[in-house]
Amino acid sequence: MTFKDKVNGLLIEGLNDKPSVFLIDLTITDSFKIIVTLDGDNGVALQDCIDISRAIENNLDREEQDFSLEVASVGVGSPLKMVRQYKKNVGRTLIVKLATETIEAELVEANDNFIILSWKAREAKKLGKGKETVQKRQEIPYTEIKEAIVTVTF
């Protein structure tokens, strides 16, 4: 069993005890630095990071392989990578980059295949001069999303 396989197995075991927390990324560098990035349906508490760190660190032997370990939650402004992240952010505003445009809109629905965004836009009136505000709604398959970031408003 390789070092990476062992770390991955320990990580999966640790996450099994925390069903609301899920893995975003696991990186092991050539110098054996283990970087674990987590997210959660209700956010990630410091205790979640500590528990996952212990699940990995306490079951690896530094005599066998020296390593460093970093366990953190996904940062504010980090791109969404998993369907589960979209689902937990329904009701929030996203900036979604597509191949041809960028849309800033409210995420009103997320399922396993696509998201639905809703926003107001100013468009030319159909009759007469000037512009009017219209409500837009667009269904976007995950395959068309280049990047999506939750906007933070204060």
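How many residues of domain 1 are in contact with how many residues of domain 2?

Analyst: This is a predicted model, in which local features need pLDDT of at least 70, side-chain atom pairs count only at pLDDT 80 or more, and totals for chains, interfaces and linings use all residues. Residues are numbered from 1 along each chain as its sequence is written, and side-chain values use heavy atoms, with hydrogens and water left out.

The answer to your question is that 11 residues of domain 1 are in contact with 5 residues of domain 2, where contact means heavy atoms within 4.5 Å. Domain 1 covers 3–75 and domain 2 covers 80–150; these bounds come from an automatic or database domain assignment. Taken over C-alpha atoms, the centres of the two domains are separated by 33 Å.

The overall dimensions of the chain give the setting. Along the principal axes, its C-alpha atoms fill a box of roughly 80 × 30 × 30 Å. The radius of gyration of the protein chain is 21 Å, whereas a compact globule of 154 residues would have one near 15 Å; this radius is taken over C-alpha atoms, and the globule rule is 2.2 Å times the number of residues to the power 0.38.

The protein chain has 3 helices and 8 strands, arranged along the sequence as α-β-β-α-β-α-β-β-β-β-β. Helices (H or I, at least four residues) and strands (E, at least two) are DSSP runs, numbered from the N terminus.

Two residues may now be considered in turn. Q85 lies in helix α3, which spans residues 83–88. With a relative accessible area of 1%, Q85 is buried; the term buried means under 20% relative accessible area, exposed means over 50%, and partly exposed lies in between (1.4 Å probe, protein chains only). Leaving aside residues up to four places away in sequence, Q85 touches F22, I24, D39, V74 and L80.

F114 belongs to strand β6, residues 114–124. F114 counts as buried because its relative accessibility is 18%. Its contacts, again without residues up to four places away in sequence, are E109, E139, I140, P141 and Y142. From Q47, F114 is 67 residues away in sequence and 33 Å away in space, C-alpha to C-alpha.

For the chain as a whole, buried residues make up 34% of the 154 residues. Among contacts with a separation of 6 or more, 49% are between residues 24 or more positions apart.
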